[in-house]
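Welcome! Keep the sequence and the 3D view side by side, and try each exercise before you read its solution.

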Amino acid sequence: MAAGLATWLPFARAAAVGWLPLAQQPLPPAPGVKTSRGDEVLVVNVSGRRFETWKNTLDRYPDTLLGSSEKEFFYDADSGEYFFDRDPDMFRHVLNFYRTGRLHCPRQECIQAFDEELAFYGLVPELVGDCCLEEYRDRKKENAERLAEDEEAEQAGDGPALPAGSSLRQRLWRAFENPHTSTAALVFYYVTGFFIAVSVIANVVETIPCRGAARRSSREQPCGERFPQAFFCMDTACVLIFTGEYLLRLFAAPSRCRFLRSVMSLIDVVAILPYYIGLLVPKNDDVSGAFVTLRVFRVFRIFKFSRHSQGLRILGYTLKSCASELGFLLFSLTMAIIIFATVMFYAEKGTNKTNFTSIPAAFWYTIVTMTTLGYGDMVPSTIAGKIFGSICSLSGVLVIALPVPVIVSNFSRIYHQNQRADKRRAQQKVRLARIRLAKSGTTNAFLQYKQNGGLEDSGSGEEQALCVRNRSAFEQQHHHLLHCLEKTTCHEFTDELTFSEALGAVSPGGRTSRSTSVSSQPMGHGSLLSSCCPRRAKRRAIRLANSTASVSRGSMQELDMLAGLRRSPAPQSRSSLNAKPHDSLDLNCDSRDFVAAIISIPTPPANTPDESQPSSPGGGSRAGSTLRNSSLGTPCLFPETVKISSL
Amino acid sequence: MGAVMGTFSSLQTKQRRPSKDKIEDELEMTMVCHRPEGLEQLEAQTNFTKRELQVLYRGFKNECPSGVVNEDTFKQIYAQFFPHGDASTYAHYLFNAFDTTQTGSVKFEDFVTALSILLRGTVHEKLRWTFNLYDINKDGYINKEEMMDIVKAIYDMMGKYTYPVLKEDTPRQHVDVFFQKMDKNKDGIVTLDEFLESCQEDDNIMRSLQLFQNVM
């Protein structure tokens, strides 16, 4: 985006007038040459490829860029042609529109790029000719859908960083929803999965007949009745775990009502409720029949696995989304069953000892036949019955085969969507990481630039480090802009490391007393140089000393710190600190004092003449800028202090 | 049986057709397109030469083919210039200052007019523009809350990692000092005249305003 950014640079710099007038490198004035051409053949140079056309051709559509006077903005007087820095291949289609009146859509180009070109040249997409319109619309819709999916995934995606200071509830909920975020959540996830499996297996094993110790016992009992205590204990343990999990989820849920209504919580409730009902119900023989029925519901625990398995969730979702197809299948099957059952009943009515005792009895035969199961427990014996039976089985195949592909395609679409979402999420993380890296690159570029002494005002060429000199014009101006902002707010940009160091230093140890000298200042503030506005700080301090009103202790400390640091902006590695930079320092001092024209702390004009005297015993002592005038007279301290800080 | 199934399936498919045609939405989006006045007129109205206007417009058109900039674009641009902090608030105030007609979008003319004032205007014009920027509700007065908002927005641009560490009341102190200087009659608001007067008294401000003359 560097090119795009460069075009906005004048705007950014102009807007900076709003907050800071600092000395800046004067730019060479642009030459202003203007020639006019009256030829009838226009040359349009699109990224090097020359297109020539009559002026009249372009004038055919006066409400577009090329047809109106807007193209004069792109006229290059030196070469006498209109220069557009756009894609020449796409321009071909645009120009053909002027020539033929029909806008065609290029088949092999990205639809988005084509759209952008159309927008640039002022062509409305509706101008796309009939031959290409259908395809254009389809591709555009597809693109839009894909982009919408991207945005949805972004918004719905689990943010890797939880906002600091989230409550226990939020953390718990997040742990439940995304078990891979923390180890404890993962452990919990696996433990519950294990217990679900144990519970289901116990249910199954309970009914297996196991041989008793005494082979002589005639009756074989199922295991559940042989070891009732063991199974009861296992059941209790599982239910306790499930209950605990359910209650925790209920506590952590951000919206309890919604959670209570969700499918998963219903499954949970159904899984644990029978146990409690069984506890409450007394061991009465009358009620035990109902009690046994309740035990059937224990099998629903297997559905709890759907939290653990994504495939299961997809299946459930597919069935939900194919509800209409399933409904259709059911309806048509029902119709067919009724019809064929009736027919078979009447066909077999005359036979003795027939199984087809009533129409509902014939339902069973019809279902078994239509699904091609054919148990053989009910068989037609009359010829008419056999004929209709065969028709029944043939049509059964058809009826079932019709909706199944729709369901299958739905399932595959949803499944692939899920795959894509996972892939996109993984790609997104990489993308974000790369973007963050690039962003920190610009930040670091500026910090690097500062460290290499780029802030020195109009320093002589040879002294500047190579990296400083080799910056592009855009970079230079951008860094200047950032520097201006620093001066406005009297704070400097720094990186995370020094920030955390400073943070640590400010709170406990920042309370430096006034009497400490420069050299004993905490040098651990990283490699950052220069305090910002020393004189301003001093001035503020003096004014604050005069007016006791609103200055808190904290800000005094800040002033101390500000004042006490080396404020020379000259680069650390230079040894020629004393001589030349001081002149530029003087200039810096003056300009820095003004601090952002209007917004930043404007220096009270009245104080300037007063304070300039005490602060400058000698040229180099401006660099002192500390409240303690005693340490002002030691410019030679600076090279050393500079070097120390550079570590 | 087959006929019944056929009718049933056709019923099903009718339900699946999209209920709304999205063509109207597309039309709406593509209609917004603005073309600026001619080059000669703009040259007469602003202090830029034709060449400069050409350069400006090319860049503008490249970034905003529709011919207008909206607030989001402003914020994005500023965010790219100041990646350290959050430039969106300041961009918002800037946008309001650029959008003189309060339409919610900045056309090329507005853009160039403002640039012309800021880069090539007289000191008086620049100061007046800056006053307009600070006067958020455009009532002709700057009060402490407005100033506080602006200063806070500027400090936001610095971001979190600053040196020295940004304190909570630094912006407020900034504003207090500003008001002490600008507010002549100490009534808590700064009028345009007070503002112009105070700035013109300060040689430093005057001098620094000249320094952006050649930015292009």
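**Exercise 1.** Find which residue of chain B forms a salt bridge with A:Asp78, and work out why the pair joins two chains.

*Solution.* Step one: a salt bridge is a side-chain nitrogen of Lys or Arg within 4 Å of a carboxyl oxygen of Asp or Glu. The partner is B:Arg51, with the closest N and O atoms 3.8 Å apart. Step two: A:Asp78 sits in the loop between β3 (75-76) and β4 (81-84) of chain A, while B:Arg51 belongs to helix α4 (residues 50-63) of chain B, so the pair joins two chains. Helices (H or I, at least four residues) and strands (E, at least two) are DSSP runs, numbered from the N terminus. Over all chains, the structure holds 21 salt bridges.

A word on the model: it is predicted, so local features need pLDDT of at least 70 and side-chain atom pairs count only at pLDDT 80 or more, whereas totals for chains, interfaces and linings use all residues. Residues are numbered from 1 along each chain as its sequence is written, chains are lettered from A and ligands numbered from 1 in the order in which they are written, and side-chain values use heavy atoms, leaving out hydrogens and water.

**Exercise 2.** Locate the salt bridge between A:Lys140 and A:Asp115 and say which parts of chain A the pair ties together.

*Solution.* Step one: the N to O distance is 3.2 Å. Step two: A:Lys140 lies in helix α5 (residues 130-156) and A:Asp115 in helix α4 (residues 111-121), so the pair ties together parts of chain A that are 25 residues apart in sequence.

**Exercise 3.** Trace the salt bridge from A:Glu245 to A:Arg307, then name the network that includes both residues.

*Solution.* Step one: the closest N and O atoms of this pair are 3.8 Å apart. Step two: A:Glu245 is in helix α9 (residues 228-252) and A:Arg307 in the loop between α12 (285-296) and α13 (310-321) of chain A, 62 residues apart. Step three: both A:Glu245 and A:Arg307 are buried. Step four: salt bridges link A:Glu245, A:Arg249, A:Asp268, A:Lys304 and A:Arg307 in a network.

Terms used:
Buried means under 20% relative accessible area, exposed over 50%, partly exposed in between (1.4 Å probe, protein chains only).
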